[in-house]
Amino acid sequence: MKVYTAGSRFFGGQVDRIDEGFRQLGHELTPYPHEADLIYANDPGDFEQIVVDREADRLRGKVVFNVLYVPVRLPDFDLPRLTRQLRSADAVTCISRYTREQVSQHCGIEPAVIWNPIKPVFR
């Protein structure tokens, strides 16, 4: 499967670990979202372009948006925009029960909780 990942990239950051996990599962990473079977993003800054591309029928893959937090206390945060973006995804995930409660309360969406590891996880 071809996978496209979007989000903040920095040394030790989440997206790099997610990329590595997909590679270890035998998936191919692509820098082009229009080629991907799965599109994963964890940064609302990337959500909008993915929504636009999807609405324009430029994407063929399933879309997963992962929510790290909902900054409802910021006065200029556009909660209706986030809600619209999340509703356009095939799946919505989040990083904790607290964030799940935020998304549920403020966006009316029930995401699945995935625990993003901060270090390697072994069986």
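The legends below describe close-up views of a predicted model.

**View 1**
The structure holds 0 disulfides. A disulfide is a covalent bond between the sulfur atoms of two cysteines. Cys 94 takes part in none, and the nearest cysteine sulfur to its own belongs to Cys 107, 11 Å away. Likewise, Cys 107 is in no disulfide, its nearest cysteine sulfur being that of Cys 94.

**View 1. A stacked pair of phenylalanine rings.**
How many aromatic pairs does the model contain? The count comes to 1 aromatic pair. Its members are Phe 47 and Phe 65, whose rings are stacked, with 4.0 Å from centre to centre and 20° between the planes. A pair of aromatic rings is described by the distance of the centres and the angle of the planes. The pair counts as stacked because planes under 30 degrees apart are given that name. Phe 47 belongs to helix H2 and Phe 65 to strand E4, so the pair links distant parts of the chain, 18 residues apart. Are these two residues buried or exposed? Both Phe 47 and Phe 65 are buried.

**View 2. The second largest pocket.**
The volume of the second largest pocket is about 230 Å³. Its lining is made up of 14 residues. Those nearest the centre of the pocket are Asn 42, Asp 43, Pro 44, Leu 68 and Tyr 69. Helix H2 (44–55) and strand E4 (62–67) are the elements that each give two or more residues to the lining. By residue type, the lining of this pocket divides into 9 nonpolar, 4 polar and 1 charged.

Ser 96 sits in the loop between strand E5 (91–94) and helix H4 (97–107). Its relative accessible area is 18%, which means that Ser 96 is buried, since the cut-off for buried is under 20%. Leaving out residues up to four places away in sequence, Ser 96 touches Val 113 and Trp 115. Val 113 is part of strand E6 (residues 112–113). With a relative accessible area of 22%, Val 113 is partly exposed. Apart from neighbours within four places in sequence, Val 113 is in contact with Cys 94, Ile 95, Ser 96, Arg 97 and Arg 100. Between Val 113 and Lys 62 there are 18 Å in space, C-alpha to C-alpha, and the two are 51 residues apart in sequence.

**View 3. Gln 102 in helix H4.**
Gln 102 lies in helix H4. Which residues does Gln 102 touch, not counting those up to four places away in sequence? They are Tyr 69, Val 70 and Cys 107. Gln 102 is buried, with a relative accessible area of 9%.

**View 4. Asp 57 and its positive phi.**
Where is Asp 57 placed? Asp 57 is found in the loop between H2 and E4. The phi angle of Asp 57 is near 65°, a positive value in a residue other than glycine. Asp 57 is exposed, with a relative accessible area of 68%.

Conventions: Residues are numbered from 1 along each chain as its sequence is written. This is a predicted model: local features need pLDDT of at least 70, side-chain atom pairs count only at pLDDT 80 or more; totals for chains, interfaces and linings use all residues. Side-chain values use heavy atoms; hydrogens and water are left out. A disulfide is a pair of cysteine sulfur atoms within 2.5 Å. Helices (H or I, at least four residues) and strands (E, at least two) are DSSP runs, numbered from the N terminus. Buried means under 20% relative accessible area, exposed over 50%, partly exposed in between (1.4 Å probe, protein chains only). Contact means heavy atoms within 4.5 Å. On a 1 Å grid over the protein atoms alone, a cavity is a set of points where a 1.4 Å probe fits but cannot get out, and a pocket is an open set with protein on both sides within 12 Å along at least five of seven lines; lining residues have an atom within 4 Å of a point. Grid points are joined across faces, edges and corners, and a volume is the space filled by probe spheres set on the points. Ala, Val, Leu, Ile, Met, Phe, Trp, Tyr, Cys and Pro count as nonpolar, Asp, Glu, Lys and Arg as charged, and the others, Gly among them, as polar. Rings of Phe, Tyr and Trp (its six-membered ring) pair if their centres lie within 6.5 Å; planes under 30 degrees apart count as stacked, over 60 as edge-to-face and the rest as tilted.
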